[in-house]
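Here are my notes for your first read-through. Please keep the structure open beside them and find each residue as it comes up.

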Amino acid sequence: MENQQTRNRLVIIMRLLSTLFLFVSLCLASASQPSPIITEISSKNFIEGEIGYFNLIYRDANPDVSPPSEITLNDGATITQRGFQQSNINGQRFYFYQYPIIELPPGEYTIPPLELEVNGSTVTSLEASFTVHPLDQFKVLQFDFKGQAVPSYSKIFVDKTQLYPGESVELEYKLYIPSAFNTRAWGLPKPDNIDNCTAWRITPPRNRRDVGQAYIDKRRYDVASYTTVISAIKPGAATFGPLKTDLIVSPSSMNSRFGFSNNNQEVPIPSAELQFEVIPFPTTPPTEFDGAVGTFTIEAEFPPEESISLNDSITATVTIDGNGNLSDIQAPKLEDTSTWKLVDVSKVQQGESRKSLVGQTQFTYILQPQRGADSFPRFTFAHFDPVAKEFHVTTTTTSALSIVEPVVTGTAVLPEATIPTEKMQDILGPLASVRLDTPTRSPLPAWLAWIWQVIPATLLLSLIGVALSQKYKKGKMQNLDFLQRKEELKHLESSDNKNFLKDAGSFAERWHPNTPESAKITEARDAMCYQPDQSSACDPKLRSDILKSLKSLSLLVFLFVCIPHPLQANDPGFDSWEKEDYHAALSYYLEQTQSHPQSADLLYNAGDAYYRTNQPGMAALYYKKALKLDPSHYEATKNLEFVQKLQGAITSPELAEIDQWIVLLPPEIYRQIAFAALWALVLSLLTLKLFQLNSVRLVATILVLILSPIVGIAALASWQTHPLRTQTQVGEPAILTQFAHVLTEPIEVSGKELETKTMIKATPSSPCHIIAIRGDWTYIQLANGTRGWVPNNSVSKI
């Protein structure tokens, strides 16, 4: 009878405690489990006689069909449903069904997944496992209370005692104290030793409501559960504990005057130490491994935009989900470092959830695209799976992205880009074509290098003469009308008053039609000369005003004739430019260059239009074409320098001051000067030897004899060190019109292989020479001497 009453009281206490426990656990579970069914178990480890509970919780859905009254465990044992309760927590309604775990023999138990009906659909609950440990595995700890030896129990529970470096495992420490001692405060366990492992701060029972019950040897015990997470450090032995916990007990005692009274006393409770082994990884970790150990998945989330500006940045969120040392995971590595710049990366704060081994951790990246980016960035995450006992390296997926060059106006100057430097990490690929013979020198004699210049000099003089003659004739024709107009003005000044108005009206209609001054003169003429009863004689003042007006109009016309004008007085392309319709201006100028391919100005204008439409590579190409036709085109030269500087183009290294003087003449000229100096030296020596010279000729010959060796040596040194001679310029001149990775061989690569195969990153507007073409690839040489392969669509011939 006494045993039955004790059991009934234990059941009532169990129900109250489990209800209070659910209020706390549901607050956490509701945030982490989107399923309408939540499963909860009070502990994974029980002692014989300990009371636990399993709960099926329905979120916002009271089932039409109740869950089973009994659940059969894996070994055939059953747990029976006892009671149903509902409650509102954080604005949500929960319905939970309790299944006490009691009187089970020692062993490992599994509560299988259950098929449950919720809102007309079938939902499967999660599996739950627990272990009932035999009492003889627990060490009896005797603590002294007023000379009385009180039996108590304690044990540290872990799922495994062999861990890999960095692996984390949940630890549960349980204390069993007789209920009669009325434990007032459950102290915080303090480990005496933590060797080759780390541990989170141990979480004690929050209050009396978190304390469970057990019935051992017909005596009731209070059960306190402490939890933490420990992590292994390096291969070898590891130790955690022993633990020491200071409790405050206050057993009730009978007092003759005041009845029952409580006497508080601090009681230290010791525990055994936990020893486990840290074993090495079975294989060598990959280079990407940063200590993540567990079973994880990775996913990257990007903004919904399909295109962004080159000056903008994006925010990417990388989520790692799974079971393991989530708190120790480092940010996954950015894979596409060649096309994306990492501005900042931060870990999303996890709060108390950082102590959990199951869940997710997130990282926020701020990234800026670089020229050449055509897709969102990828991230690589490496981890060791202790279940599969192997390393996994996972890279997130990506999608296409369009990069828009920023609009540059005349008032905005972008910061200068950094000129890249050559970085070779692989051998050069094979050439597209090879020569099977040896190049031969020209059979023409060297002296023809001087003789042929007589022809262009003669042509030049002829052209100058023809040009001067044409200019004289053109000027004469332009001034012919002015001279004739001047003669008629003289005749008009000498005209008598009777015919002056008629002559003045005729002059104005012929030479200055459709002007206000002409209209006034013809109106006065018609009023005075062609009306009846009107005298045609002109008033002297009116005569003077008319002559002044006609002379002023004639002078303006003369100045207009003398001022040079562009060939196109009405330019639709320029009109579109002024309206900021740059695409229309570009279309017009390109059409005009087809009709007038020799116009450097049209090519220059087309380059400007390309620049305004965010195509700096094409702009540089057309500036180069203009300079090919007119090397002295000032505007094209200045704009090309600006674009190449802005884009960080790869150009020829800046020459030293002496080399800048040397390149004023080609290397062949210096060689011819050296030969001429040698001939001058020989001829001067022969002259002095063979002839008797007067004083003037003697001085001249001696000067030639002294200067010719100096000039010859200087010319020979200039030829030997000439920059154009030391630089190998082969192939056809071209311009890179798009950003391009100059590769060691013509293959499609990405990620880390792209960095390995990249010789140098070339920006738009960089000058180069096309050496060979193979399929979709072009072999080029940059101005700094680097050779490599680029896609055909990124380079254009000048």
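**Notes on the model**

1. Start with Ser152. Ser152 touches Lys139, Val140, Leu141, Phe143, Tyr176, Ile177, Tyr221 and Ile269, not counting residues up to four places away in sequence. Contact means heavy atoms within 4.5 Å. Ser152 sits in strand S13 (residues 148-158). Its relative accessible area is 0%, so Ser152 is buried. Buried means under 20% relative accessible area, exposed means over 50%, and partly exposed lies in between (1.4 Å probe, protein chains only).

2. Know what you are looking at. This is a predicted model, where local features need pLDDT of at least 70, side-chain atom pairs count only at pLDDT 80 or more, and totals for chains, interfaces and linings use all residues. Residues are numbered from 1 along each chain as its sequence is written, and side-chain values use heavy atoms, with hydrogens and water left out.

3. Now the whole chain. The protein chain holds 16 helices and 43 strands. These are DSSP runs numbered from the N terminus: helices are H or I with at least four residues, strands are E with at least two. Of the 798 residues, 39% are buried. Among contacts with a separation of 6 or more, 68% join residues 24 or more positions apart. The chain exposes about 45400 Å², and carbon and sulfur atoms supply 55% of that. Accessible areas come from the Shrake-Rupley method with a 1.4 Å probe; for residues, only the protein chains shown count as cover.

4. Two strands pair if DSSP finds at least two bridges between them. Strand S30 (residues 314-324) and strand S33 (residues 358-369) are joined by 10 bridges. Ile314 has Leu367 as its bridge partner in S33.

5. Compare a second open sheet. It also needs careful tracing: 4 strands in the order S14-S27-S22-S18, with mixed pairing. Strand S14 (162-163) and strand S18 (194-195) are the edge strands, and each pairs on one side only. S18 meets strand S22 (residues 236-240) in the antiparallel sense over 2 bridges. Asp195 stands opposite Thr239 in S22.

6. Look for a hairpin. Strand S9 (residues 115-118) runs antiparallel to strand S10 (residues 121-124), and 4 bridges join them. Glu115 stands opposite Thr124 in S10. The hairpin has 2 residues between its strands, and Asn119 in the turn has a positive phi of about 50°.

7. Check the salt bridges. A search of the whole structure finds 7. A salt bridge is a side-chain nitrogen of Lys or Arg within 4 Å of a carboxyl oxygen of Asp or Glu. One joins Lys174 and Glu50 (2.7 Å, N to O). Lys174 lies in strand S15 and Glu50 in the loop between S2 and strand S3 (52-59), so the pair ties together parts that are 124 residues apart in sequence. Another salt bridge links Lys333 and Asp290, with the closest N and O atoms 2.8 Å apart. Lys333 is partly exposed at 33%, and Asp290 is partly exposed at 40%.

8. Leu688, Leu698, Val699, Ile702, Leu703, Ile706, Leu707, Ile710 and Val711 make a nonpolar patch of about 750 Å². Patches use residues with over 30% relative accessible area and no salt bridge; like charges are joined within 9 Å, nonpolar side chains (Val, Leu, Ile, Met, Phe, Trp, Tyr) within 5 Å. Helix H14 (residues 695-721) gives the largest share, 8 residues. Leu688 belongs to helix H13 (residues 667-690). Leu688 is partly exposed, with a relative accessible area of 31%.
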